[in-house]
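Hello,

Here is the structure I said I would pass on. My notes on one of its sheets follow below it.

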Amino acid sequence: MALIPLDKMKQYMEISNAAEMLLTHPEKEIKFSLNLKIAPDTIICHDAYVIYHNVVLGPAKGGIRFSPTVTVDETRKLAEIMTYKNALMRIPFGGGKSGVCIDPYALDDFRKVAVVKEFVHMIREELVAGHYVPAPDMGTTPTDMAVIYGELHKSECVTGKPVRIGGLPGRLEATGRGVSCATRLGIERILKRKVAGSKIAVQGFGNVGRWTAFFLSEMGAKVVAINDRGGSVYNRAGLNVMKLFDYAPTSRDSVSGFSGGEPISQSDFFGMEVDVLIPAALENVLNSETAPKVRTKLIVEGANDPTSADGEKILKKNGIPILPDFFANAGGVVASYIEWRNAKSGNQTSKQEVFEFIDAKIETIFHEGFTIAKKMKAGYREAFSYIALNELIKAMEERAWL
Ligand code: NAD
């Protein structure tokens, strides 16, 4: 779902045919096969895509996904989400994304470096020119970004690097920081309750899920359940997130078997009575099968595109509000913008300043969206789409594209 189709948005605003054409035709799509002799007797060939959806606001910005489920359609959709996310956050980036159809967990560290280097080799000109500025996404890490930097030696060509080599303090936590800030605002303004003591369930204990859980538990919320690809863990009194960090230190590890909670099935996980459910792992997990079971009061989309169109209809009918991905998980790209800007200017920013910048962006835009949703008598997805579309259409006019 992620974005409201333009046809539907026309009931709230004027969208010319020309604007619609430019927003529905990705500007550039690069497809290649990542072919590599990875061991004396092993050659690998994996489909790879780099997509620029709309770059009216600046260079194509979006993470690199390594996953066995990557497709051209998925990459296209994720690039489109980035166009709206950047426009909504009012940062000078266009929408981009790349993906390699490969299982990152099946690669040892040595082979992963070789794969990342080959990826750079295939799109080197795009990266050096600054047309596409990657960052980590599912299956890629700051170390992978460091490898990209090592191939290019231009700090502004990639974000999400480790702090010591031009990365930004707080970039690692940034997406979870933004999701937790959006969740706090949702609890306070939409549910009209306090964060402290609110019950939260998070799917995913990778980069987004773990830092979201961390910041929410720091605010006093009870993270009662976490589900990842290995299983789920539940504790009515709230899980000890710091102990979970020790138990499952990386995205490859699972919370399954953690002794500070009890196991539950994935179906029970989605059906839990909580204040906020935060899908922060995969696409389309809230679908026609899972949505009817959902008994949360609010959904905050930490992952990109976690709610299918069918799922959204059911959740809407059941009166469950949703803070959409391109708003809620924008903290990462906001931090990437600071990292990119610092790389160009030589400026340095502290972790505290980064968190304050993310919080301020998320708060300002939440209030704007909250007011517009009321005025439009529509959902938050429609309201945030309205803000982003206005930015994009005005920018296309200013650049004489329309
Ligand atoms: P990650 O690779 O660090 O972690 C992925 C997590 O998903 C892991 O905990 C894994 O166990 C879990 N998972 C995988 N398959 C699962 C399954 N079948 N059931 C339940 N859990 C499963 O990825 P990430 O960077 O945290 O990204 C997660 C989502 O957030 C993606 O949709 C990504 O596009 C989005 N996102 C990430 C960032 C970022 O800065 N990393 C920014 C914005 C949006």
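**Strand β11 and its sheet**

In strand β11 (residues 276–279), the side chains of Val276 and Ile278 point one way and those of Leu277 and Pro279 the other way, and all of these residues are buried. In a regular strand, side chains alternate between the two faces of the sheet. Please keep in mind that the model is predicted.

β11 has strands on both sides to discuss. It pairs with strand β7 (residues 199–203) in the parallel sense, over four bridges. One of the residue pairs here is Gln203 with its bridge partner Pro279 in β11. β11 also runs parallel to strand β12 (residues 298–300), and two bridges join them. There, Val276 stands opposite Leu298 of β12.

These strands belong to an open sheet of seven strands, in the order β10-β9-β8-β7-β11-β12-β13, and the pairing is mixed. Which strands stand at the edges? They are β10 (262–263) and β13 (322–323); each has a single partner strand, so one side of each is left without a neighbour in the sheet.

Ile299 stands opposite Ile322 in β13. Helix α7 (residues 171–190) packs on the sheet and touches β11, β12 and β13. The direction of α7 makes about 160 degrees with that of β12.

Regards

Methods:
Residues numbered from 1 in each chain as written. Predicted model: local features only at pLDDT ≥ 70, side-chain atom pairs only at ≥ 80, totals over all residues. Buried ≥ 20, exposed ≤ 12 C-beta atoms within 10 Å, placed from the backbone. Pairing = 2+ DSSP bridges. Contact = placed C-beta atoms within 7 Å. Axes fitted to C-alpha atoms, helices over the stretch in contact; angles between N-to-C directions.
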